[in-house]
Amino acid sequence: MKPIALEISGWGPYKQTEKIDFTKLWERGLFLVTGPTGAGKTTIFDAISFALYGNLSGQMREKNSVRSDFADRETKTYVKLKMEHKEQVYEIYRNPEYLRPKKRKSGAEEYTKERENAILTLPDGSCIEGAGEVTRKMQEILRLDYRQFKQVSMIAQGEFAKLLTETPNEKIRIFRELFGTSVLEQFTANLRTKSKNLYKEVMEYRHRMDEDVKMLQEDSVEWQELLQDPDRNYHEIFRLLEKLQTAYKEQKKQADKEYEKAEKKEKEFSLKAAEISRVNEMFDKLEKKEEELRLLKEEEASYREKEKDAEEIRKAQRIEPDYIRFKNGKEQEEKQKNTQKQLQLEKKELGRKQKESYFFFENRGRLSFLLEIEEEKEKYLTEKEKISVELDKKQKEMENQKKEYLLAEKSAKTARETLERAEEEYRRSAIGIVVKMLKVESPCPVCGSIEHPAPAQMEGNLIDEKKLKELREQYEQLNGDMFQAHEKALKVQTESKTLEEELEKIEGQLHKEEIEEKEQKAQIMEMQQENELTEWMEMPFAKKQEQLEQKVAIYQEARTLFLEKEETEKRVILEMTEVSEKVTELENVYKQAIFEQKLTDEKEFLSLLERKGEEAALLEACSRYKEQVKSLTDLVKHLKEDCNGKKREDTAEVTEQLKNWEKEKKKAADLRLSTAQKLSEIKNIQKSLKEKQEKQEALSKEYGIVKDLDNLASGNNAKRLVFEQYVLSAYFEQVLEAANVRLGKMTAGRYEMFRSEEVADGRSKDSMEICVMDYYTGKSRPVKTLSGGETFKASLALALGLSDVIGRTNGGIRVETLFIDEGFGALDSESLEQACETLTSLVEKDRLIGIISHVQELRERIDNQIIIRKTNSGSTIENVLG
């Protein structure tokens, strides 16, 4: 990752928006961020760290407290970082959570919380929004999380020597994250888990085998002795199980013989008892059926009565068709009577409608003529109103034209008078000009005299020809306007007179129409004096016309329907006569049928007809009765035949013998079942023990191999070295090797770091302690014994070495930028020169290195500088020097 541009707004000591262009620093690579203490040097690294991960570079500062106290209310707090990574350009905008003023019309100062947010613009122009989402995406792009980034790219203030002096466990955690060896830790943990699980399985199978042995309930002394032995001899157990199985097989064979004998005897006595029971049951059944037959025959009279009732109902059903025809005829006759009544009512209503609309129908021609007169009158009234409006307009227009003419006339008169005065003055001016031309003893240009005793005196201003011409043109224009106004007034007057004549003509026609209307109304009212006509006369024209059309239509329709109803009524009366004759005939047939079926009267017939649904049930009951009698008679006959030659017997003796043999059979069956179960139990235990023993042996073999690997990977070995730490120690030695190249230069070959091979604590298995070899004394000592300046050199060398190794080993991680915050103040001039040379050598490898420091010697040695200016109203980034 290499920064291209950084924008900071309302952040820390920066009151407004400040921008840094890092591309100016790329060519030389090494740059210095310098300024007074508290000016905001570290804030630049904080802003870069916050843009990438939403966290600040140091542990002492909190991201929710970065809002500038110098910033105006309207100034937003945010950082915007534009960077290059793997030849791709990314832009990140991120703001922390802070309080900003609310937008209130009242003017009251209130604050609301601006929530933390971030927006990442990818090289293809797409965006990702959300603080967490952007942080996760940046970790994916850079292949470093916040903690890893701080270790390899940004050495924060106060944390410079942390990696150097961290505990072994913390170094392991750091290196695990940087080199991705957590999979090895997981591998070791998996081995440990698998070893434990295999051991549990081995012991579980042993436990199961013990449980299987305990499940066999066997009272033999030999078996009980084997069970009492805590170290069970399973070879002896298998031998004894075979012996028990042979004994139980012989016992089962004897039980089978006893069971077969008892089963045979049981069957013999069971058949004998069944035969005695069958004969006895047959005699019982015969007695029972004879009693049922006797009781059934006692109901014979009741069923004969039911047959008689069914026959009477059948008689009524024979008469029913004649009754239905008679009933239908009566209904038809009644229906026609109702039809006639309805027709008479409809004729009466139609007659009323004819009477109400007859006058309008009869005089429709005269009434239509009256409507035509009214229509013509309405047309004249409309035309009169139209012409009156137009005439009123013309009269007003004529008044306006008259006023315009009088004004134009007055203006023309005034212009003429002005022109006449100007012409008079012009003539006087000509005389004045001649007077001016007179000279003593020179002839007058008018009279020729050489004496000029009393020349005319000039008064006022002279008028020239141009002014006179303008006045004459003005007069001619106004005079022309006057004549135009006069012509317009005459034209409007003529049009007004024409409209007055038309209005007079229309009023004459209107008067004629009103007289004609009055005469027609009088004639109509003489013929009909009813209120309805009076109401019609008072209606508006359109309503009157509509009412007349409706009345005529009503009369015509009512008249047509009335005639149709009369014809229909005649037809119905004729049909009624025919139907009445037919009903009389059907009634005679119906009553004759009642007589022929020998029924008393119509009442009896109707009573029987209501019961016609009972006939089927009565016949069905009688049929069932007969079938039951026949069936029982046949059954009694057959039972008597079967009982012939047989007698009842007592079953007690046979039953007792049968019970004895059933007990013998059950005893033999129980013995046979228990023996079979014992054999099955022994076989199952043998099979289960054999399967579990095979699995236990296989698991024991696997457990031995996995346990050896677990001991090896977990540090239970001669070197007490854990597998992951073994791999990490290789990376650690590479880092130390790369770091020693820089440390040797910075210390003039005095110090060299190496990994301690000794185990620091007998209970732990670490090998990540750092020692230094002091070639001045020829002795090694712990790294914590170095002085402050020496610690800084070692820390810087270690950070640079770590950066180199990560770049070589992790293909996805590219450490193109290194930020160093303070630490150089502890160096003397020689050490400072050596550190600068080391850092400058790194720049040659296309790496950007930024240093935060207020040390004056660095300002003199490093040309590329970002200068921070501090004032009492906030800091500014004043210049980037190259």
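Colleague: Which residue's side chain meets Asp-322 in a salt bridge?

Modeller: Arg-325 does, with 2.4 Å from N to O. Keep in mind that this is a predicted model.

Colleague: Where do Asp-322 and Arg-325 sit?

Modeller: Both are in helix α9 (residues 300–362). They're 3 residues apart there, so about one helical turn separates them.

Colleague: And is Asp-322 buried or exposed?

Modeller: Asp-322 counts as buried, because its relative accessibility is 16% and the cut-off for buried is under 20%. Arg-325 is partly exposed, at 43%.

Colleague: OK, new topic: what does Arg-294 pair with?

Modeller: Glu-291. Their closest N and O atoms are 2.4 Å apart, and the two residues lie 3 apart in helix α8 (residues 234–297), about one helical turn. Arg-294 is partly exposed at 40% relative accessible area, and Glu-291 is partly exposed too, at 37%.

Colleague: What about Glu-97, which lysine does its side chain meet?

Modeller: Lys-113, in a salt bridge of 3.7 Å, N to O. This pair links distant parts of the chain, 16 residues apart. Glu-97 is in the loop between β5 (88–95) and β6 (98–101), while Lys-113 is in strand β7 (residues 111–114).

Colleague: Last one: how many salt bridges are there in the whole structure?

Modeller: A search finds 21.

Notes:
Residues are numbered from 1 along each chain as its sequence is written. This is a predicted model: local features need pLDDT of at least 70, side-chain atom pairs count only at pLDDT 80 or more; totals for chains, interfaces and linings use all residues. Side-chain values use heavy atoms; hydrogens and water are left out. A salt bridge is a side-chain nitrogen of Lys or Arg within 4 Å of a carboxyl oxygen of Asp or Glu. Helices (H or I, at least four residues) and strands (E, at least two) are DSSP runs, numbered from the N terminus. Buried means under 20% relative accessible area, exposed over 50%, partly exposed in between (1.4 Å probe, protein chains only).
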